[in-house]
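Reader: I would like to learn how to read packing and pairing here. Where do we begin?

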Amino acid sequence: MTTSYRIAEAAALLGVSDDTVRRWVDSGRLPARREGGGPAVVDGADLARVATALHEAPEPGATRGSSARNRLAGIVTRVVRDTVMAQVEIQAGPFRLVSLMSREAADELGLEVGVRAVATVKATQVGVDVP
């Protein structure tokens, strides 16, 4: 199953403007294709590769000016399955999230590299820092 995204969807997932994604397509940084003369689309696996390279991990202890919400939309960048469990990595803007779940759940959700996903975080303690 191949997942593809329109330019605006790709931009939203990467946290950049539509124009930036178009420039990346024009320069060859992000491959795109047109289906049947329609709008340009980007393959999910290519988008995941760019998402992973785009946002490097922040320095330890570094904070941003705002607190992230508990629902982080992003794109699956890696899935590792064994016989019982799955490790799923999601790039949500500058945030890399890793979830451990049953393999059955990952299979039922169809989690593969390039698929759009929303990570929901629930914690008993949430720290908020302001630089």
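Author: Begin with a strand pair. Strand 5 (residues 85-92) and strand 6 run antiparallel, joined by eight bridges. Strands are DSSP runs of E, at least two residues, and helices are runs of H or I, at least four, numbered from the N terminus. Two strands pair if DSSP finds at least two bridges between them. Ile90 has Leu97 in strand 6 as its bridge partner.

Author: A word on the source. This is a predicted model: local features need pLDDT of at least 70, side-chain atom pairs count only at pLDDT 80 or more, and totals for chains, interfaces and linings use all residues. Residues are numbered from 1 along each chain as its sequence is written, and side-chain values use heavy atoms, leaving out hydrogens and water.

Reader: What is the strand order of the open sheet?

Author: The order is 6-5-4-7, four strands with antiparallel pairing. Strand 6 (95-102) and strand 7 (116-120) are the edges; each has a single partner strand, so one side of each lacks a neighbour in the sheet.

Reader: How does one describe two packed helices?

Author: By the angle between their axes and the distance between the axes. Helix 1 (residues 7-14) and helix 3 (residues 44-54) pack at about 30 degrees, axes 10 Å apart. Axes are lines fitted to C-alpha atoms, for helices over the stretch in contact; angles run from 0 to 180 degrees between N-to-C directions. Helix 1 and helix 3 are therefore roughly parallel (angles under 35 degrees).

Reader: Which residues of helix 1 and helix 3 meet?

Author: Ala10, Leu13 and Leu14 in helix 1 meet Leu47, Val50, Ala51 and Leu54 in helix 3.

Conventions. Parallel < 35°, antiparallel > 145°, perpendicular 65-115°, else oblique. Contact = heavy atoms within 4.5 Å.
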